[in-house]
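Visitor: I'd like a quick tour of this model, please. Could you take me through it in questions and answers?

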Amino acid sequence: MLKVLVIIPAYNEESSVPYVIQDIRNHMPSADILVVNDGSRDRTAQVAMEAGAKVLTLPFNVGIGGGMQTGYMYAKKHGYDVAVQMDADGQHAAADLPRLLSKVRDCDLVIGSRFLEKTSYKSSVMRKVGITFFSRLVSLVTRQRFTDTTSGFRAAGAKVIDLYAEYYPMDYPEVESIVYLTRKHCRLMEVKAEMRARETGKSSITPLKSAYYMVKVTLSVLMSAVRYREGKA
Amino acid sequence: MNVYILSVMFSIVFLVMIIELVRRRRLKEQYSLLWILMGFTLLIISVNVQGVERLASFLQIEYAPALLFLFGLLFCFVLILHLTLVITKLSAQVLRLTQEIAIMKGEKASHNEHIH
């Protein structure tokens, strides 16, 4: 039996976090749930605890990368076999968890992809352009096909937990972390995953932020590609 | 009064300031070295007017004091880069500390729960 930890990074998500936790408990009662409360100013920590999750509270907001890494550091320290990361806003469905976990024995990181097969997910044109751009870029750099590099729904095995506890990209980590892992000789795989429309709150992405995101992540990906030469461990 | 005298005066005041800051432990010795080096360089080139003018004509700079500004500017770039390197390292250390504290606090809370 694998020891599984589900990590949920949360910043001001008091309204959705209890439902996410309940969803996971319904589908994966054996998994431990860890909410990384990234300096929220609402009742995220309390409602998560009441819903039965373990909560780590960062004293101030360190951003998604720093928050995620805290979860992986915890997973490493407590000897989990698998760490799953899931968004706190309810966009990822816990019903997909068994499918991700069924593949994590065969490789080091399983990514839940919205685009591997046709799912009900709909996105704006601009978002689609960005997602396609990064999938092409990462596929080119890693010479492996990826369809959804920005997905934050992932299951990591012990090797990846160790690597992430040591180094995890900051700010916008999803895309760069794929390149980092392939360069560290991890095997990565995508499986189909549904993504729901946002239940509460608003996306924090604005046009200006998107432009900054594109440039910053592209630079990070290229830097990761040259930092870790292929063929060397 | 010309720019050379002004810059000699400035260098001397500057060097005294640096030494005073180190003495009061307001500035680390490690970081003060760069500033002391810069103060002395400025002093030497300010005193040595002929040297500056010769170097300026060698570099085809018509207005010799412009060389002083050039040196100052280049030094500023190097120093700012140095500072951003220090900040990068500091922010990585602060992040690690924040994460370790969050994990420790979380463990302490669940430990207390078990006792009660």
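Guide: Let's start with a term: on a 1 Å grid over the protein atoms alone, a pocket is an open set of points where a 1.4 Å probe fits, with protein on both sides within 12 Å along at least five of seven lines, and lining residues have an atom within 4 Å of a point. This is a predicted model, so local features need pLDDT of at least 70 and side-chain atom pairs pLDDT 80 or more, while totals for chains, interfaces and linings use all residues. Residues are numbered from 1 along each chain as written, chains are lettered from A in the order written, and side-chain values use heavy atoms, leaving out hydrogens and water.

Visitor: Which residues lie nearest the centre of the second largest pocket?

Guide: The lining of that pocket has 15 residues. Helix 4 of chain B (residues 66-115) gives the most, with 7; helices here are DSSP runs of H or I, at least four residues, and strands are E runs of at least two, numbered from the N terminus. Nearest the centre lie M170(A), T88(B), S91(B), A92(B) and L95(B).

Visitor: How many residues does each chain bring to the contact between chain A and chain B?

Guide: Contact means heavy atoms within 4.5 Å. On the chain A side, helix 3 supplies the largest share, 6 residues. The totals are 18 residues from chain A and 11 residues from chain B.

Visitor: What area is buried between chain A and chain B?

Guide: Buried area is the accessible area (1.4 Å probe) that two parts lose on being put together, summed over both. Carbon and sulfur atoms give 65% of it here. The area comes to about 1,200 Å².

Visitor: Which side chains meet in a salt bridge across the interface of chain A and chain B?

Guide: A salt bridge is a side-chain nitrogen of Lys or Arg within 4 Å of a carboxyl oxygen of Asp or Glu. The whole structure has 9, and the rule finds 1 across this interface. It runs from helix 4 of chain B to helix 3 of chain A, and at 3.1 Å, N to O, the partners are E107(B) and K77(A).
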